[in-house]
Amino acid sequence: MSVRQPALTELTIAELAAGFAARELSPVEVTDAYLTRIEEHNAALHAYVLVTAERARADALAAEAAFGRGEVHGPLQGVPIALKDLYETAGIPTTGNSRAYLDYVPRADGAVVGKLAEAGAIFLGKLVMHELATGAPDLDGPFPPARNPWDLDRMPSGSSSGSASALAARLCAGSLGSDTGGSIRGPASWCNIVGLKPTYGLCSRRGVMPLSWSLDHVGPMARTVEDAAMLLQAIAGFDPQDDGSVDVAVPDYRAGLADLPRGLRVGVPWSYLESRADLGVEVLPTFRTAITALEGLGMTVVPIELPLVDLVEAIGNGILVSEAYTIHERGLRENPDRYGWPFASRVLRGATMSAADYLHATRGRGRFCRAMAEVMRGVDLIATPTSPAPAELFDDPTGVYYSRPSFTRLFNVTGQPSISVPSGFTAHGLPLGLMLSGRPFADRVVLQAAHAYEQIDRLYLRMPPGF
Amino acid sequence: MADGVAAERPDETHDTAQVAALMARAGVRLPAAQIAELVSAYRADRASFERLRQALTPEDEPLHTFDARDRGQTPRMTP
């Protein structure tokens, strides 16, 4: 009896890197396999806005030649990835899925794009997103919204929608998203993949279209925690040209990934979660199962209270919308027709806010951060569901998208590292995610805990039906 | 009681005019239907900012607090 060999596109980044290094896999064959899958499935998923097939094949040939010479220039050499279409890419259009930027062709790569290239990654193309990283799926936008491979009638969440859709359907091996209120972790949760929002300041945002400079984070999206760690390793590091960047030592995130620290304390805001009447019916039971699994790994689970949690939406939204309006003020005034209404209706709220509103929000943020720092003195991690509900239908997308307060936003406001890892499925086969958030710059601990949890059921092996 | 509730209801006309004025000040031209869509968000934002403002205290300014009610006195500085 023969054992089915996994298709090339089912292999993780770690498996691809090992296979390339051992000369058991060919970067050209793997890249071609991805390009074939994109051709087969992108028409249904709308994950890619641009496929750079020619460049990808050329880079794959170069990677293969380098392996042939025994040269390994970086840990991602030959690994095909794709980028959310707000990462500036030299000579390649970067649209932000906005008519305001359809003609924008950057002259240089963004900082982390350059780092990925140095690590040897091959770029398959650019991925669709919510316009300029906020709003909701825009059915009238320049590119159609991405579909969720687990149910094509449903959203993959956003704003890193194409990244999550492509990863879940095996149309790329890894991706970068951006996260201002949950735009990496939300899509990860709804698409059964891993999404990491690193600590604020760990990864440069230079050359990434901004939405809110004090809340924007860039980060990896991948199928496994190990893959996310490999991508983070490539993109982390100080950049003096990003005002938010922090000059800290970057540890080896992949080494010791399996060495779960003993005695981790995990705080769970039970009373807050149980008071939420708007959670999907299967969200809390799945979360309870995940918490039991964490205890089985030797973690100590303790109840916590989230401070000021009722104010975080006002704080986060006030800061985000004010900063986004500041960034897009001129464009919205001079060329309003170039922006979709889901984007404009959200960002124009900034025009109704005052300087005092913004400053109250920043003062509230200071208090919230200090209170959360106090909470984190007693725990290593905070666990919550990633999203209050599984993937929602496309019907009336603008109506539902911000109807539920977010768990993810808490950690954009504080800047703490936060990861979403697959935690189960609803009875209808829709993915759910567990979010683990750590102390600032303890990204490694977050990855270790998520990796240990992920290995229990290895849900990342599940493929969406029909793909 | 019904009268009291009615008296507390937001003034639709006032809020619509306010949003329209703010859009005009920003130099953004919007049709009336889009202004109307922004009004509910505007109300929600005003309500949440008011809750936030009430929750904040002078101690939430970590570097330099000044209570304007203490007019004529030396501002209170904290490290």
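Two salt bridges cross the interface of chain A and chain B, a salt bridge being a side-chain nitrogen of Lys or Arg within 4 Å of a carboxyl oxygen of Asp or Glu. The model is predicted: local features need pLDDT of at least 70, side-chain atom pairs count only at pLDDT 80 or more, and totals for chains, interfaces and linings use all residues. Residues are numbered from 1 along each chain as its sequence is written, chains are lettered from A and ligands numbered from 1 in the order in which they are written, and side-chain values use heavy atoms, with hydrogens and water left out.

A:Asp357 forms a salt bridge with B:Arg46. The closest N and O atoms of this pair are 2.7 Å apart. On the side of chain A that touches chain B, helix H10 (312–334), helix H11 (341–347) and helix H12 each give two or more residues. Helices (H or I, at least four residues) and strands (E, at least two) are DSSP runs, numbered from the N terminus. By class, this side of chain A has 11 nonpolar, six polar and six charged residues. Ala, Val, Leu, Ile, Met, Phe, Trp, Tyr, Cys and Pro count as nonpolar, Asp, Glu, Lys and Arg as charged, and the others, Gly among them, as polar.

The contact (heavy atoms within 4.5 Å) takes 23 residues from chain A and 28 residues from chain B. The area buried between the two chains is about 2300 Å², counted as accessible area (1.4 Å probe) lost on being put together, summed over both. Carbon and sulfur atoms give 60% of this area. In chain A, A:Trp341, A:Thr352 and A:Arg363 lose the most area to chain B, together 27% of what that side buries.

Chain A holds an open sheet of 11 strands with mixed pairing, in the order S1-S3-S2-S4-S6-S5-S10-S11-S9-S7-S8. Strands pair if DSSP finds at least two bridges between them. Strand S1 (48–51) and strand S8 (300–303) are the edge strands. Strand S2 (residues 80–84) and strand S3 (residues 122–127) of chain A pair in the parallel sense over five bridges. Here A:Ile81 stands opposite A:Phe123.

Two loops of chain A hold backbone exceptions. The peptide bond from A:Gly158 to A:Ser159 is cis, with omega near 15°. A:Ser159 lies between S3 and helix H5 (161–168). Phi of A:Leu308 is positive, near 55°. This residue is found in the loop between S8 and H10.
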